[in-house]
Amino acid sequence: MSRSEETYRKAIKILAKNSYIVTIQGKTYRRSIPSLDFYRHQWFWDSCTHMLALNQIHPTWAYDDAYSLLAGQWKNGLIGHITFNPDEENYFPGPQFWGTEKESQHGVISTGIIQPPLLAMSVGYLYAHAKDRKRVEKFIEDALPGVVKYHQYLKTYRDPEDCGLISIVHPWESGEDNSPLWDEVLATIKMEDIPAEVIETVKTSRKDLELGSSQDRPQVIDYNRYIYLVDLYKKLDWDYTKIIQETPFAVKEVHTNSIWARANEELGNLLTALGREEEGKLYLSWATQTRKAIQDLWDPETQLYTALSVGKGREMTIREDTLAQFMPFYANAVREDVLPVLLKKLTDPQQYWSVYPIPSVPITSPKYEVARYWRGPMWPITNYFLIDGLNYYKDRAECKKIQEELLTKTLSTIEQFSFHEHYDPLTGIADSYFKDRSGMGFQSFTWSAAIYIYLVNNYKINFAEPVL
Ligand code: DGY
C-alpha cells in the first residue's frame with residue numbers, strides 16, 4: 001500500500017466518524033462536523049467543503065449536509081455560520097447565546113452571521129459529479145431555491161450600495177477569525193464600549209481553552225470583541241438593515257469577495273446548464289461586477305489588495321499582507337500587471353513559500369505567530385483555494401508549476417503529519433515549540449480529510465505511485 005492510499009483510507013474513516021444524526025420535520029439527516037473534540041455542530045464553510053469529499057464516499061451524506069444547512073435558512077435567506085446540534089453543550093457561544101430562535105425554521109437553530117459563501121460551489125460540484133443523474137436532479141430541485149435565496153440575501157443586505165463587494169460584519173464571517181486583517185478595525189472597539197457582562201461571560205464561558213490549547217486560539221481581547229459584536233446584533237434584533245447601519249465592524253475584503261465572485265459564477269453556470277439562461281445571467285453579471293471591484297482594491301503603491309472598513313464612523317482603508325492576497329486567483333480576478341507581483345510574493349521563501357506553504361501571514365512578518373490560528377499556521381482549505389484558482393492561469397508555465405508543487409506539498413504535509421486543523425509552515429507540527437503536543441489545533445479534523453480526498457480525486461493522483 002502506498003502512503004497516499006493509507007492516508008486516503010484514514011481520511012474516509014474520519015469523514016465517516018465525524019458526524020451525527022438529526023431529525024428535521026420527521027426526516028433524519030446525517031450532519032458532518034469539523035471535529036469530535038471541539039467543533040461538534042455543523043459549520044457552514046466546513047460542511048460545504050466536506051460535501052466535495054462525501055460525494056466520493058457516499059453521495060447521500062453530501063446531500064444531507066446541504067439539506068441540513070438549508071433547513072435552517074432564515075426567512076430573509078441568511079444561512080448561519082453554525083447550525084447547532086440540539087444535544088451538544090460543549091461550545092461557546094452556543095445556541096442560547098445568539099437569541100436567534102425566532103428567526104429559526106423547522107426548529108433548526110443557527111447563529112445569525114454567515115461564513116464564506118461556498119454553497120453554490122458545492123451544489124454545482126455535486127451536480128456535475130453525480131453518477132445517479134435522477135437522484136441529483138431531485139437534489140438540485142430541492143436545494144437550488146435555497147441557494148438562490150441565499151445569494152439574494154447576500155446581495156440585498158451585504159451589498160446595499162451595489163458596489164460589487166459584500167460586507168462582513170464579524171471576523172468569524174470570514175472564517176479567518178483572528179487574521180491581522182481585522183486588527184485595525186477591531187482596535188476601534190474599546191474595552192470601555194464592551195458591556196461588563198460580556199467581558200464576564202467571555203471570562204467564564206470559553207470552552208475552546210478548556211478543550212484545546214490557548215497557544216492555538218485567539219486571545220481574550222479578540223474574544224471580548226467577537227462576543228460584543230454578537231451581543232450588539234442580538235440587541236438590534238438581528239435586523240440586518242439596522243446591523244449594517246450601526247455596526248462598528250463592516251469590512252469589504254478580497255477573501256470573502258473572491259469566494260462571492262466565484263459562487264455567483266458557479267450559480268450562473270448551474271442555472272444555464274439547467275436551461276435557465278436568463279436567470280443565470282443575473283448571477284454571472286454579479287460575478288463580473290465583483291471581479292472588477294476586487295481589481296479596483298489593488299493599491300499600486302503598497303502592491304497590496306486593500307480592504308475597506310465601512311462600519312459606522314470607522315471608514316478607513318486597510319493595508320495588510322495576509323494570504324487573502326492570493327484569493328483573487330480563486331475568483332479569476334488577477335490582473336495581468338498584478339500577476340507577477342503576486343507570484344513573486346507567493347514563491348518567496350521569506351514570505352509565503354515556507355517549507356510547508358502557505359502560511360496565513362508571511363513568516364517574517366512581525367505579526368506572524370507559529371500556532372495562533374489565522375496568524376501564521378498553514379491551512380489546507382486556503383491551499384485548496386489557491387490550487388483550484390491556479391487552474392484559470394495554468395496556460396502560463398510558472399503558474400502550472402506552482403500549482404503542481406503546492407498540490408504535492410499539501411498532500412504530503414497531510415500524509416506526513418496526519419489530519420490536524422492546521423500546520424506549522426516551518427516544521428509541520430511545531431514539535432520544537434510544543435514538545436508535549438501531537439499536532440496543532442484540533443485533531444482528526446474533517447476539513448483536512450475532505451480536502452485530501454477532494455484533491456486526490458480532482459487532480460487524479462495515481463495511487464500506484466506514492467505522492468511524495
Ligand atoms: C470558533 O469557535 O473557533 C469558530 O471559528 C467560530 O466560528
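Student: At what angle do α5 and helix α6 (residues 133-158) pack, and how far apart are their axes?

Tutor: In this predicted model, α5 and α6 pack at an angle of about 165 degrees, and their axes are 10 Å apart.

Student: Why are α5 and α6 called roughly antiparallel?

Tutor: The angle between them is about 165 degrees. Angles over 145 degrees count as roughly antiparallel, and α5 and α6 are therefore described in that way. Their crossing is left-handed.

Student: Which residues make this contact of α5 with α6, and what classes do they belong to?

Tutor: From α5 come Leu119, Ala120, Val123, Leu126, Tyr127 and Ala128, which meet Arg133, Val136, Glu137, Phe139, Ile140, Val147 and His151 of α6. By class, the contact has 10 nonpolar, one polar and two charged residues.

Student: What makes tyrosine 125 count as buried or exposed?

Tutor: Tyrosine 125 is part of helix α5 (residues 119-128). Its relative accessibility is 11%, and buried means under 20%. Tyrosine 125 therefore counts as buried. Leaving aside residues up to four places away in sequence, tyrosine 125 touches Leu52, Asn55, Tyr454 and Asn458.

Student: How do you know whether alanine 263 is buried or exposed?

Tutor: The relative accessibility of alanine 263 is 0%, so this residue counts as buried, the cut-off being under 20%. Alanine 263 belongs to helix α13 (residues 254-273). Among residues beyond four places in sequence, alanine 263 touches Pro117, Ala120, Met121 and His151.

Student: What is the relation between α16 and α17, and why is it given that name?

Tutor: The axes of helix α16 (residues 380-389) and helix α17 (residues 397-417) come within 10 Å and cross at roughly 155 degrees. Since the class of roughly antiparallel covers angles over 145 degrees, α16 and α17 are therefore roughly antiparallel. The contact involves Pro380, Asn383, Leu386 and Ile387 of α16, together with Gln403, Leu406, Leu407, Thr410 and Ile414 of α17. Six of these residues are nonpolar, three are polar and none is charged.

Student: Why are α17 and α18 called oblique to each other?

Tutor: α17 and helix α18 (residues 446-458) pack at an angle of about 135 degrees, with their axes 10 Å apart. Roughly antiparallel would require an angle over 145 degrees, and roughly perpendicular one of 65 to 115 degrees. The pair is therefore oblique. In α17, Leu407, Thr410, Leu411, Ile414 and Glu415 meet Ser448, Tyr452, Leu455 and Val456 of α18. This contact has six nonpolar, two polar and one charged residues.

Student: How do you know whether the length of helix α3 agrees with expectation?

Tutor: Helix α3 (residues 59-71) has 13 residues, which at 1.5 Å a residue should span 18 Å. Its end C-alpha atoms are 18 Å apart, and the two values therefore agree.

Student: What makes α3 a mostly covered helix?

Tutor: In α3, 10 of its 13 residues are buried. Among them are Trp61, Tyr63, Asp64 and Leu69.

Student: How many residues of α11 are buried, and what do they pack against?

Tutor: Helix α11 (residues 220-235) is mostly covered, with 12 of its 16 residues buried. The buried residues pack against several helices, including α4 (95-98), α9 (196-205) and α12 (240-246).

Student: What is the phi of tryptophan 238, and why is this residue classed as buried?

Tutor: Tryptophan 238 has a positive phi of about 55 degrees although it is not a glycine. Most residues other than glycine have a negative phi. Tryptophan 238 lies in the loop between α11 and α12. At 4% relative accessibility, tryptophan 238 counts as buried, the cut-off being under 20%.

Student: Why is aspartate 162 called partly exposed?

Tutor: Its relative accessible area is 47%, which falls between the limits of 20% for buried and 50% for exposed. Aspartate 162 is therefore partly exposed. This residue lies in the loop between α6 and α7 and has a positive phi of about 55 degrees.

Student: What kind of peptide bond joins phenylalanine 92 and proline 93, and what is its omega?

Tutor: The bond is cis, with omega about 0 degrees. Proline 93 lies in the loop between β4 (82-83) and α4. Another cis peptide bond joins proline 357 and isoleucine 358, with omega about 5 degrees. Most peptide bonds are trans.

Notes:
Residues numbered from 1 in each chain as written. Predicted model: local features only at pLDDT ≥ 70, side-chain atom pairs only at ≥ 80, totals over all residues. Heavy atoms only, no water. Axes fitted to C-alpha atoms, helices over the stretch in contact; angles between N-to-C directions. Helix = DSSP H or I, 4+ residues; strand = E, 2+ residues; numbered from the N terminus. Parallel < 35°, antiparallel > 145°, perpendicular 65-115°, else oblique. Contact = heavy atoms within 4.5 Å. Nonpolar A, V, L, I, M, F, W, Y, C, P; charged D, E, K, R; others polar. Buried < 20%, exposed > 50% of the residue type's maximum accessible area, 1.4 Å probe, protein only. Left-handed = near helix turned anticlockwise from the far one by under 90°. Expected span 1.5 Å × (residues − 1).
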